[in-house]
Each structure stands twice: as structure tokens, then as C-alpha cells.
Amino acid sequence: MSAREAILGKLRSAASVSASDHARREAVEKRLAKPPRGLIPARGQLEGEARIALFCSMAEAVTATVERVGSADDVPKAVTHYLRSRNLAPSVRMGDDKRLKRMDWASQKSLEVKHGRAEPQDEVGVSHALAGIAESGTLALPSGKDNPTTVNFVPDHHVIVVDAKDIAGDLETVISRVRRKYGRGEMPRVLNLITGPSRSGDIEQTMLLGAHGPRALHIIVVDG
Amino acid sequence: MEVQSPQFKEKARKAMADEQLQRAMGKAKVGFVSKRRKAVDALPEFDELRSSARAIKDHTLEHLDLYLEAYERKVIASGGRVHWAETAEDARQAVLSICRAAGARTVTKGKSMITEEIALNDFLEKEGVRPVETDLGEYIIQLRGEHPSHIIGPALHLNKEQVEEDFRRVHTELPPERDLSQPESLLGEARNILRPQYFQADVGITGANFLVAETGTSIIVTNEGNGDLTQTLPRIHIVVASIEKVVPTLEDASQILRVLARSATGQDMSVYTTLSTGPRRPDDPDGPDEYHVILLDNGRSSMLGTEFHEMLRCIRCGACMNHCPVYHAVGGHAYGWVYPGPMGSVLTPSLVGVDKAGHLPNASTFCGRCESVCPMQIPLPRMMRNWREREFERGLNPAAQRFGLGFWAFFARRPKLYRLATSMAIPTLSGFAGRRGWFRSLPFAGGWTRHRDLPAPESRTFMQQWRDREAGKSERSAV
């Protein structure tokens, strides 16, 4: 008997059912086909500006920095400004995201834009989020060539662009969106939910930023 | 890891005399508690979410075989592989054969209690594969040759001066005059040392907080980002997870996530919640070529349907130990195995046997704080009592204790005799204690009075006092 059969057999006998138990199978299939939404806290259930404002304040509470710009055209300038204010070299790494590509990066003289997965020497990564979550100040980023996962973790600074219209109240709304985009029961290889910059409290419980992932997270909310 | 739980008493005694440990525990017991309180108070729905999370796990455990089968189908469909392991040895062999097939020499690891449970590091080292712990706390204790003293804060028992000493001892390639007096500098040094390891490693191993049956997804929840670098950069990602980690759907995981970080560190969400499904896709510029899941039983299926069934709801947040007066006093290492605190006192006897771990369920004051803060509403004190009963049934506790209990039971089963005996003993004890009201020492009670005084009883028994009170009442109502 294989380990698989042995384990499943023990579980079945503990549940004291035969493998053909119809009602149990039906309950499982039903839940998987139509996931119950569960209890959604009231905190994020806001509309319009109130929801965006909550997202911004929750993100700031976990020591991300947040700035709002009027339109996508303003993003390259905002990125340059961020680099200057932090004394960083004018070079960023990003994937092939169409929303990022449409922006006029050439307008930023002397800014180098490298495409593809992040390399060890990259200091700043720029990503475009699929969605924001107001309840917790979280950003959702699927993997792939548009926004490679390494850009989220390898550089010291991570700049994430998110459209204000993509900020949801709660994680469940984002899950529904992922399901629509990738298909029922399907997922991108990785879905990163990022809430603030990397940190560790492992030495005497003192929370310190920049453990292994980015030391700083800068969020640019595009209103237009 | 060798089970050292039979030495609990010696270890606890040593721990209470260990100044470094007591200093570290002094900080630990206030931090976690106040952070959790703040996060819970800020979410009015927290208690309702606990009930919701509990219901999800109860439903899953009732259908565990079916959800595991569904999960396996989805992992395979997304290009991953599933390895079932009945025992720790099966799991170790499964990891090794993946490493061997890949010619792996270095393995980076994200924080994982399950790989502590199967003692993976020692095994891999013996087999010539070098494991590198990347979580800051795990890295520190790996340098010291220790085991975690807390399930989410592995180095909770240490002070920063001890960490500095270890870094100076091991990182000899760095200038000896460097300043390591601040935690920031220690963190920075660990980051710089570990960074190249992620890129050099052939295999990355992580645990899982959840496995999602709906999509074949494994979820890890971390703050440092080390788990993500571990699973993104090497060619092979191995997830080691026990069978009770499965939940039905993404929404179910989301419900439990809302209580997990709040109960653990007092965060609304941990920094990185990462949902992984299968290996690199055709158009992926990064990610592992192979994705393996090792599904470990190691005694859990035997808990299902027993009085310890509810322990399988545990999501390893650590809230029970953060609120435990016994854990605060002795720290995690005294418990002698992988899982300390109240959850360890229930789980360890289940996994290694009550004959070895009988001291643990006895090391409780039954104050009930653990159950009151448990996000999954696990009745930990009741289950510790169940272990005490099993221990007694099997005659595992010491003769003096068994004799004492037998002596008491003899009288307790004979109410008239009991009343007579207590009505004689109570005034005697009360008289001996005198006006002071307590005993400094007492025959047969040295175990108690060596460390504290024993309060003397009132001069009359409870039954006598009750009778008088009732008589008083009926007189008053007659008036």
C-alpha cells in the first residue's frame, strides 16, 4: 500500500465513512464550486474617496510611503523625484507591464529603465499592482513577465503603482477579480500580497525595517 | 530532534535560574500581549471571525480525505508534484531524493516548524547537503546549534549581546572593529551574509500556512521576505506541509488570515502573504522549474476523531504561549521538543507519546488564558486534563502522586466519611496555623512550602459554612 493510500485510509476510517459516501462528496464539491464569502469586516466597506483614503492611511500605518498623482503621465516624474529624495542612482528595474510601458519614461532625462527579472545589483524596482486592499493597506501583484516576482523582493526599494479604481475594500473582492482574470480554480504562479516594507522583530522584539526584502516601499496611487 | 521532554523539571529549574533567559523573557511577555490586544480591539468583528475560522477548520477536518485529494489534483494540474509521507523519515527521504536528483549541494530554507519536527537540517547535513536558514531568528539559532524556543520567534530566548557574540565568532571574514551594538547593525550584517546564498542555492524549502484545495495553492505568511527569496531564486521549490494545513477555498484562507497575524504579532496582515501554484510558467521570467509538495502525516491522522481532534485546528500563531505564565517563566527550550507552551503541551504527547511528554500537560496552572486568546477556540486546558487522565490510567505518574490521589478518592467516594474527616482535620490545621493564617512548612507538603507559604483553611468546612448560611436565609425569609 502506498503512503497516499495509507494516509487517506486512516482519515476515512477516523471519519468512519466508506469512500463512496455521497453526502460528504457533495458537500465538498459544492463548497469548491461556490465558495462561501465568509464574514467581511465593515472597516473596508467604503465607497469612492473614503475607500482610497483608508487604503493610504493603512499603508502609511505599516510604514509604506504613499503619494497620489493625477494621471499615469505623472508617474515617471514621481519616480525620478523619489530617487532624488533618497539619493539613489537614476536607474530602475521593471517588467513588461503595458500600463507602465505606456508612460513616457524618456521624458526623464538620465533615468535608466531596465526591463526583465531583477538582478542582484538592482537598487530600485517598479511594479504595477493588480489591486489594492483598503482594509489592510495591502497590494496584490501576480507573477509573470509583466511584473516579475524578483522585482518585488530583490531591490532595496520597491515602488508600486496602483490605479485608484483598482483599490478594493477587502481581499475577497480581489480574489473574485483574480478568479475572473485567470479562470475558476486557476491561479497565477504566484500572487504576492504585500503590506508594507520587509521587517523583522527577531532580535529582542524590536521591529526593524529591511530584513531580506525591500527596505522601503513607496506607493504611487494614480487617480485619473 | 531528540525528545528531551522527560527532563522538563530539571530544564525548568535551570531556566528559572538563567539570568540571560529571564531578561529575554521579561521583554517577550509584555510585547506580544499588548500588540495583540491593540490589533484585536481595532477590529470589532474579531470574535465573530474566530468562530468563522473555527467553523471552516471543523468542516475541513470532517472532509479531510476529500479535500486532500482535491488539493492533490490541482497541484498536479498546475505542473507540481505531491509526495505523501506517513512518517518523519518518509518526509526526509522525499526531500533528499529531490535534492539528489538535482545534484543539490546547498539548500536555503524559509522558516518552517514542520522541518524542525522532522529534524531535516541534521539529516541533510549528514547526507552532504548544506541547509542555510534564512529567517533572521532561525539563522541565529542555527549558528548556535540550538532549536527554536518559540514557534514564531525562534530566537526569543536571546538578548542582542548574545547575537553579537555569535556573529563575531562566525563572521570572521568581517573587520573585528565593526560596530554591532545595535539590532539594526546585526540585521544588516545577516542580510548581507545571506543575500548571495539565495542566488547560489539549488533548492529552496519552505513550510506552508495553508494549502488551498480549490486551486492547489500553498500559502506562506512572513515579514522578512526571506521565504519569498527562498522559493523564487533556486531552481527547485519544496513545500513541506502537514495534512491539516489544507483549507477548501481562497475565501476560507482569507477568513483565517484575518485572525492569524493579529493573534501572532498584532499585525492586521503580515508583510508578505504569498500564494504559490506550481512551477514557472512558459512566459515567466523567474520562479522555480520544479515545485514539490511533501504532505506529512506523522501521527496527525491518529488524532482525528479522538479527544485531541480539535488540536488539528491549530494555525501555529503562538498566542497561547505568548499568554502562558508557565511559558513566560521557563521559556521554550524547557519543553524539550519542537512545540512549546500550551499548544506543545497538547501536541507533543500526541506526536511523541505521553510516556515521554507527560510532564508537559502537568505544567499548567489551568488559568485558561491560552484558550481565551486562541483564534481557533481550541480547548487547550481541557485537552491537557485529558492527557493527565490518560497518564493516570496508564500508571505513568509517580507512586506518591498516585497514592495521594487514591487516598483522596477513597474519602471523596464516601461523603459521610469525607465530611467527618474534614470536620476534624480543618479545625486542627486552622489551629496549628494560628493567627498568622498560613504555613511556612507542613509534613508531606514540602514540594509546595519550599517555594511558597500554604494558606491555612478557615476554621470550619465549606459544608458547615454553607449549612449555616442556608439556615440564616430561611430564618430571614420566615420573618
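**Figure 1. The two domains of chain A in the predicted model.** The centres of domain 1 and domain 2 of chain A, taken over C-alpha atoms, are separated by 41 Å. Domain 1 covers residues 1-34 and domain 2 covers residues 46-222, according to the domain assignment. The C-alpha trace of chain A spans about 70 × 40 × 40 Å along its principal axes. Its secondary structure consists of seven helices and 12 strands. Of the 224 residues in chain A, 48% are buried. Among contacts in chain A between residues at least 6 apart in sequence, 74% link residues at least 24 apart.

Figure 2. R24(A) counts as partly exposed because 18 C-beta neighbours lie inside 10 Å, whereas a buried residue needs 20 or more and an exposed one has 12 or fewer. From R24(A) to G144(A) the C-alpha to C-alpha separation is 37 Å, and the two residues are 120 apart in sequence.

**Figure 3. The open six-stranded sheet of chain A.** The strands pair in parallel, in the order 1-12-7-4-2-3. Strand 1 (65-69) and strand 3 (112-115) of chain A form the edges, each pairing on one side only. On average, neighbouring strands of this sheet are turned by 25° against each other, direction ignored. Helix 4 (residues 75-85) of chain A packs on the sheet, where it touches strand 1, strand 2 (91-94), strand 4 (124-128), strand 7 and strand 12 of chain A. The direction of helix 4 makes about 155° with that of strand 12 of chain A.

**Figure 4. Pairing of strand 7 with strand 12 in chain A.** Strand 7 (residues 157-163) and strand 12 (residues 216-222) of chain A run parallel and are joined by seven bridges. Within this pair, I160(A) of chain A stands opposite I219(A), a residue of strand 12.

**Figure 5. Contact between chain A and chain B.** On the chain B side, 77 residues are in contact with 61 residues of chain A. The chain B residues that touch chain A divide into 29 nonpolar, 26 polar and 22 charged.

**Figure 6. Strand pairing between chain A and chain B.** Strand 9 of chain A (residues 190-194) runs antiparallel to strand 9 of chain B (residues 272-276), and five bridges join them. N192(A) stands opposite T274(B), which lies in strand 9 of chain B.

Technical notes: Residues are numbered from 1 along each chain as its sequence is written. Chains are lettered from A and ligands numbered from 1 in the order in which they are written. This is a predicted model: local features need pLDDT of at least 70, side-chain atom pairs count only at pLDDT 80 or more; totals for chains, interfaces and linings use all residues. Domain bounds come from an automatic or database domain assignment. Two residues are in contact if their C-beta atoms, placed from the backbone, lie within 7 Å. Ala, Val, Leu, Ile, Met, Phe, Trp, Tyr, Cys and Pro count as nonpolar, Asp, Glu, Lys and Arg as charged, and the others, Gly among them, as polar. Two strands pair if DSSP finds at least two bridges between them. Helices (H or I, at least four residues) and strands (E, at least two) are DSSP runs, numbered from the N terminus. Axes are lines fitted to C-alpha atoms, for helices over the stretch in contact, and angles run from 0 to 180 degrees between N-to-C directions.
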